[in-house]
Amino acid sequence: MSTTVTERAREKTYFAHAMAIVESEDVGPNTMVWAFAHIMRGARVGANCKIGDHAFIETGAVLGNNVTVKNGVAIWDRVIIEDNVFIGPNCALTNDPNPRAYIKKSGEALTATLIRENATLGANATIVCGVSVGRYAFVGAGAVVIRSVPDFALIVGNPGRQIGWMCFCAERLGLAASARAGSMVTCRHCGRLFAVTHKGLEILYEAHPPVEGVA
Ligand SMILES: CC(C)(COP(=O)(O)OP(=O)(O)OC[C@H]1O[C@@H](n2cnc3c(N)ncnc32)[C@H](O)[C@@H]1OP(=O)(O)O)[C@@H](O)C(=O)NCCC(=O)NCCS
Ligand SMILES: [Zn+2]
């Protein structure tokens with residue numbers, strides 16, 4: 001039997017394990033959804049994402065492209081995850097800063113969280129809602145993030161504190177967390193050159209010559 005254009009458009013372009021529950025009609029091509037993961041109707045998941053076992057993506061959650069969601073992560077309504085974000089196993093995102101079982105909140109009453117592109121959230125990290133985590137920021141395993149995180153910042157502990165900066169290449173930069181505007185550093189692993197500006201840490205030279213012996 002031939003299919004109509006509309007029917008073809010609805011054909012799945014992503015992979016879902018037979019034991020996954022995918023109710024959303026907004027899952028991008030080449031995304032993989034593994035066993036016991038649940039993506040609710042109205043959740044948006046981009047292309048090339050990896051959604052691990054026991055992940056839960058709620059109505060209203062938004063994931064960009066190339067996002068990795070490791071096992072046991074729940075992504076709630078009003079949580080926005082941009083492209084290329086890595087979310088470690090059992091990371092806890094939140095959307096209500098002061099919940100009570102008997103006070104029901106939805107939509108605008110919930111508090112948004114934004115995880116900017118290329119950020120990493122470590123295993124078991126907790127992100128208290130109402131913050132943004134900057135581009136390429138790195139939240140260590142088990143950290144509890146209670147305030148917004150600058151681009152490239154390395155955060156550990158409870159409450160989460162910035163102990164340094166993490167390069168694009170996921171290696172630590174030789175730059176103090178307290179570095180002032182005008183400070184510069186070259187990554188000894190990949191050779192990228194960074195400067196602290198009034199806007200925060202920025203890459204000055206993206207295609208610096210590679211360091212010998214580093215891929
Ligand atoms: C943060 C991290 C990247 C280590 O960075 P690093 O620069 O190599 O850090 P070091 O091991 O040199 O430790 C630097 C300091 O931070 C502390 N530290 C490192 N990781 C920490 C963490 N997760 N929580 C609390 N403190 C931490 C160390 O104790 C050390 O403290 P000190 O200077 O007082 O001795 C790493 O510990 C981490 O948490 N990675 C995430 C792993 C993960 O979740 N993966 C998920 C996929 S499986
Ligand atoms: Zn680097």
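Where is the place of Arg135? I looked it up, and Arg135 is in the loop between β17 (132-133) and β18 (138-139). My note on names: helices (H or I, at least four residues) and strands (E, at least two) are DSSP runs, numbered from the N terminus.

**Ground rules**

I'm working with a predicted model, where local features need pLDDT of at least 70, side-chain atom pairs count only at pLDDT 80 or more, and totals for chains, interfaces and linings use all residues. Residues are numbered from 1 along each chain as its sequence is written, while chains are lettered from A and ligands numbered from 1 in the order in which they are written.

**Arg135, continued**

Is Arg135 buried or exposed? I call a residue buried if 20 or more other C-beta atoms lie within 10 Å of its own, exposed if 12 or fewer, and partly exposed in between, with C-beta atoms placed from the backbone. Arg135 counts as buried because it has 21 C-beta neighbours inside 10 Å. Next I checked contacts, meaning C-beta atoms, placed from the backbone, within 7 Å of each other. Leaving aside neighbours within four places in sequence, Arg135 is in contact with Arg116, Glu117, Asn118, Ala119 and Asp151. I also looked at Ala16, 119 residues away along the chain, and its C-alpha atom is 29 Å from that of Arg135.

**An open sheet**

I followed β17 into a sheet of five strands, an open one with parallel pairing and the order β5-β8-β11-β14-β17. Its edge strands, β5 (44-45) and β17, each pair on one side only. To pair, two strands need at least two bridges between them according to DSSP. My reminder: strands of a sheet pair through backbone hydrogen bonds, either parallel or antiparallel. I picked out β8 (residues 62-63) and β11 (residues 79-81), which run parallel and are joined by two bridges. Leu63 stands opposite Ile81 in β11.

**A hairpin**

Now for an antiparallel pair: β20 (residues 153-156) and β21 (residues 161-165) are joined by four bridges. Ala153 has Trp165 in β21 as its bridge partner. The two strands make a hairpin with four residues between them, and Gly157 in the turn has a positive phi of about 90°. In the loop between β20 and β21 I also found Pro159. A cis peptide bond joins Asn158 to Pro159, with omega about -5°.

Phe152 isn't glycine, yet its phi is positive, near 70°. Phe152 sits in the loop between β19 (144-145) and β20, and it counts as buried because it has 26 C-beta neighbours inside 10 Å. Asn48 is another non-glycine residue with a positive phi, near 60°. I found Asn48 in the loop between β5 and β6 (50-51). With 17 C-beta neighbours inside 10 Å, Asn48 counts as partly exposed.

**Ligand 1**

Which residues surround ligand 1? I listed Gly88, Gly122, Ala123, Gly140, Ala141, Gly142, Ala143, Val156, Gly157, Ile163 and Arg172, using a cut-off of 6 Å from the ligand to the C-beta atom, placed from the backbone. By class, I get five nonpolar, five polar and one charged residues in this shell. Ala, Val, Leu, Ile, Met, Phe, Trp, Tyr, Cys and Pro count as nonpolar, Asp, Glu, Lys and Arg as charged, and the others, Gly among them, as polar.

Key
Two residues are in contact if their C-beta atoms, placed from the backbone, lie within 7 Å.
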